[in-house]
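Please open the model in your viewer and keep the sequence panel beside it. We will begin at the ligand and then step back to the whole protein.

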Amino acid sequence: MPENQTASRLQAGTMLGGQAVSTCAAEVSWQKFSVPYEYPVYFTDALFNTENHVLLETLTRLEPQKCHRIVVFIDSGVVQAKPKLVLEIQQYAAAHSRSIELVAAPVLMPAGESIKAELTFIEQMQKVLAEQLIDRHSYVVGIGGGALLDAVGLVAATSHRGIRYIRVPTTVLAQNDSGVGVKNSVNLFGQKNYLGTFAPPFAVLNDYDFIRALPERDKISGMAEAVKVALIRDAKFYQWLVANADALAVYNEDAMRYMIKKCAELHMQQIAHGGDPFETGSARPLDFGHWAAHKLETLTQYSLRHGEAVAIGIALDTRYSVLSGLLDQGADQQVCFLLEHLGFTLWHEGLEAQDAEGKLQVLNGLNEFSEHLGGALTITLLEQLGRGIEVHEMNTELVAQSIQWLKERRS
Ligand SMILES: NC(=O)c1ccc[n+]([C@@H]2O[C@H](COP(=O)([O-])OP(=O)(O)OC[C@H]3O[C@@H](n4cnc5c(N)ncnc54)[C@H](O)[C@@H]3O)[C@@H](O)[C@H]2O)c1
Ligand SMILES: [Zn+2]
């Protein structure tokens, strides 16, 4: 029955003697099904060495006998750091030509956040897929940092309503956090990640060779997500980060590999067992430090890397946790020392930016955080170093004091 008809009959019913008597008959058939998701997350080296069969096994997992059509989009910053990469991919496909058909030369896309800034890049990639007749049994491979993976993920999720997507994350942040997740997006209307979908990947292939090629700035940036997840979920991992901060600060390979894998696994656990993989509730439990971080990213026109903004957001919310009496005195200094030891700067003038009424602009990040999800404001703070706690209001005066504290610490 159309909705308006239901409404008018109900109204007629309620008028009878002032009693709430419904004359509306309704039948309902509940539709219910669940779809299991599973995808492998590999940790390997030299992914495109022809002897490395990780990609081959991934492509042939469902249909071993078929020749699989693939399109590859690459972050041009990665190609700049690894100029032979395109040739290596072509050689890999040629060496396994019975199973892999690279339908076009790998397509280079803008580096970093700029790919998320313009919808034209999304359309450009969709056009490639349409022209190459990529279907739902073909594969899209994205090779790059979190930004490229987010943008290509959106293309893969929306073209033909979903094409198999293989992520090859190339930054610390993409390997230990975003790459293993189920989200994709681009920025729109001045809002970070406004346009996107939830769409689990077909597989995630982490190759440590890409981490070696990273500039220091991006080696450091992704470590913020490891500190974040350790602080809210895993005291033991937090202690490990403290104990290994010297090694991480010089990008010791064993330490970096462990940090990346452990952090990725903690994110995977949350998605699989946290009860809300597609974030339909009011909380984003893994987004500790992120309400301020996302706002800082937009306030600084993305001159800060996501991880750099997250480090500041973590410092801010840890200080806030102390000021609001949730966390022991001194714990904030410990967390800041760790982050600084890893190479982060815990201050940016953007924290002090004010709007026309003199209000701290970063505070709008709180509204935007809850507007994004809907429902009650839910922010994760700390009650221990290793245990997060959700709160539903933030005292703006204490936020301002936390910002002031960060400013004074800097000098
Ligand atoms: N989908 C999610 O769940 C999720 C989670 C966290 C972050 N993100 C998103 O991820 C993005 C941040 O990702 P990021 O920190 O990886 O930064 P990024 O993707 O912006 O990359 C940073 C820079 O590193 C370059 N680069 C990438 N790999 C390289 C390599 N191996 N060698 C040399 N240079 C390389 C890029 O060209 C770029 O210039 C943000 O847009 C953020 O919103 C998404
Ligand atoms: Zn993040």
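**Around the ligand**

In this predicted model, begin by selecting α3 (76–81), α6 (146–158), α7 (172–176), β7 (183–188), α9 (216–221) and α15 (306–323), each of which supplies at least two residues of the shell around ligand 1.

Next, select G77, A111, G112, G145 and G146, which come nearest to ligand 1 among the 33 residues around it. If you now colour the shell by residue type, you will find that its residues divide into ten nonpolar, 15 polar and eight charged.

**The whole protein**

Now zoom out and show the protein as a cartoon, in which there are 18 helices and eleven strands to follow. Turn the model along its principal axes, and the C-alpha atoms fill a box of roughly 80 × 65 × 40 Å. The radius of gyration of the protein is 24 Å, which agrees with the value near 22 Å that a compact globule of 411 residues would have.

Finally, colour the residues by burial, and those that are buried make up 41% of the 411 residues in the protein. If you also draw contacts between residues at least 6 apart in sequence, 74% of these join residues at least 24 apart.

Notes: Residues numbered from 1 in each chain as written. Chains lettered and ligands numbered in written order. Predicted model: local features only at pLDDT ≥ 70, side-chain atom pairs only at ≥ 80, totals over all residues. Near = placed C-beta within 6 Å. Helix = DSSP H or I, 4+ residues; strand = E, 2+ residues; numbered from the N terminus. Nonpolar A, V, L, I, M, F, W, Y, C, P; charged D, E, K, R; others polar. Rg over C-alpha atoms; globule rule 2.2 N^0.38 Å. Buried ≥ 20, exposed ≤ 12 C-beta atoms within 10 Å, placed from the backbone. Contact = placed C-beta atoms within 7 Å.
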